[in-house]
Amino acid sequence: MGAVMGTFSSLQTKQRRPSKDKIEDELEMTMVCYRPEGLEQLEAQTNFTKRELQVLYRGFKNECPSGAVNEETFKQIYAQFFPHGDASMYAHYLFHAFDTTQTGSVKFEDFVTALSILLRGTVHEKLRWTFNLYDINKDGYINKEEMMDIVKAIYDMMGKYTYPVLKEDTPRQHVDVFFQKMDKNKDGIVTLDEFLESCQEDDNIMRSLQLFQNVM
């Protein structure tokens, strides 16, 4: 409610500015009052019905009254779900996986498209999305450091209450096992094809990835 009142107050103040600021004001108001694309178009692009999209949009607007969420707000929302750990780094990686256009904000379209894949996508679609999450620098490959960063961020987020006797080198051991299985040609990087092949042929990897997807 405070955010809504703050926006309303700021818009009232802008109305008293000189007319030379009118263009800037209108642009800012457009950003503040952002609306998603037509629900019919989103219905065609996702695996959700129009009714489901309406419910999702109401929930999204409740958390993000402006219609878009920046990284800091995204981190604050995620922290609420993992109070016993530090979710900031994982939220950082996840935010950039949602922000496919790299605009610095996640709009409803970005959110619902990712959610459609994670909840109702095919195995292949889910794995491609997960590969993009692990590919932190978006160069089309996953190296061991990137995988280590993601896995460590997940352990940090879950917190000591989830893993009370976790050894410090457990994330590294986890990554070493993953990488040994995925890096088929042993060149130090995992390509999308290697990732897809490894995940689909190894039940243990699939179970691990499904566990990680539960925190998305």
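The model is a predicted one. The buried residues of α5 are E71, F74, I77 and Y78. Viewed down the axis of α5, they fall within an arc of 120 degrees, so they line one face of the helix. N70 caps the N-terminal end of α5. There, a side-chain oxygen of N70 lies 3.3 Å from the backbone nitrogen of E72.

## Aromatic pairs

The structure holds 13 aromatic pairs. One of them is F60 with F108: the ring centres are 5.6 Å apart and the planes stand at 65 degrees, so the pair is edge-to-face. F60 belongs to helix α4 (residues 50-63) and F108 to helix α7 (residues 108-120), and the pair links distant parts of the chain, 48 residues apart. F60 and F108 are both buried.

F74 and F95 form an edge-to-face pair, with 5.5 Å centre to centre and 70 degrees between the planes. F74 lies in helix α5 (residues 71-81) and F95 in helix α6 (residues 88-98), so this pair ties together parts 21 residues apart in sequence. F74 and F95 are buried too.

One aromatic cluster takes in Y57, F60, F74, Y78, F82, Y90, F95, F98, F108, F111 and W129.

## Salt bridges

The count of salt bridges comes to six. Three of them are tabulated here.

| Salt bridge | Closest N to O distance |
|---|---|
| K144 and D176 | 3.4 Å |
| D156 and K152 | 3.2 Å |

K144 sits in helix α9 and D176 in helix α10 (residues 170-182), so their bridge ties together parts 32 residues apart in sequence. K144 is partly exposed at 27% relative accessibility. D176 is partly exposed at 31%.

K75 and E71 are four residues apart in helix α5, about one helical turn. E71 counts as buried because its relative accessibility is 19%, under the 20% limit. K75, at 22%, counts as partly exposed.

D156 and K152 both lie in helix α9, four residues apart, about one turn of the helix. D156 is partly exposed at 35% relative accessibility, and K152 is partly exposed at 41%.

## Annotated spans

An unreviewed UniProt entry places the feature "domain: EF-hand" at residues 86-121, 122-157 and 170-205. Residues 86-121 are 67% helix and 8% strand, with the end C-alpha atoms 29 Å apart. Residues 122-157 are 72% helix and 6% strand, and their end C-alpha atoms lie 27 Å apart.

Terms used. Residues are numbered from 1 along each chain as its sequence is written. This is a predicted model: local features need pLDDT of at least 70, side-chain atom pairs count only at pLDDT 80 or more; totals for chains, interfaces and linings use all residues. Side-chain values use heavy atoms; hydrogens and water are left out. Rings of Phe, Tyr and Trp (its six-membered ring) pair if their centres lie within 6.5 Å; planes under 30 degrees apart count as stacked, over 60 as edge-to-face and the rest as tilted. Helices (H or I, at least four residues) and strands (E, at least two) are DSSP runs, numbered from the N terminus. Buried means under 20% relative accessible area, exposed over 50%, partly exposed in between (1.4 Å probe, protein chains only). The arc is that of the directions from the helix axis to the C-beta atoms. A polar contact is a pair of N or O atoms within 3.5 Å; within protein, one must be able to donate a hydrogen and the other to accept it, and residues adjacent in sequence count only if both atoms are side-chain atoms. UniProt positions are given in the numbering used here, feature names are shortened, and annotations may be inferred rather than shown by experiment. A salt bridge is a side-chain nitrogen of Lys or Arg within 4 Å of a carboxyl oxygen of Asp or Glu.
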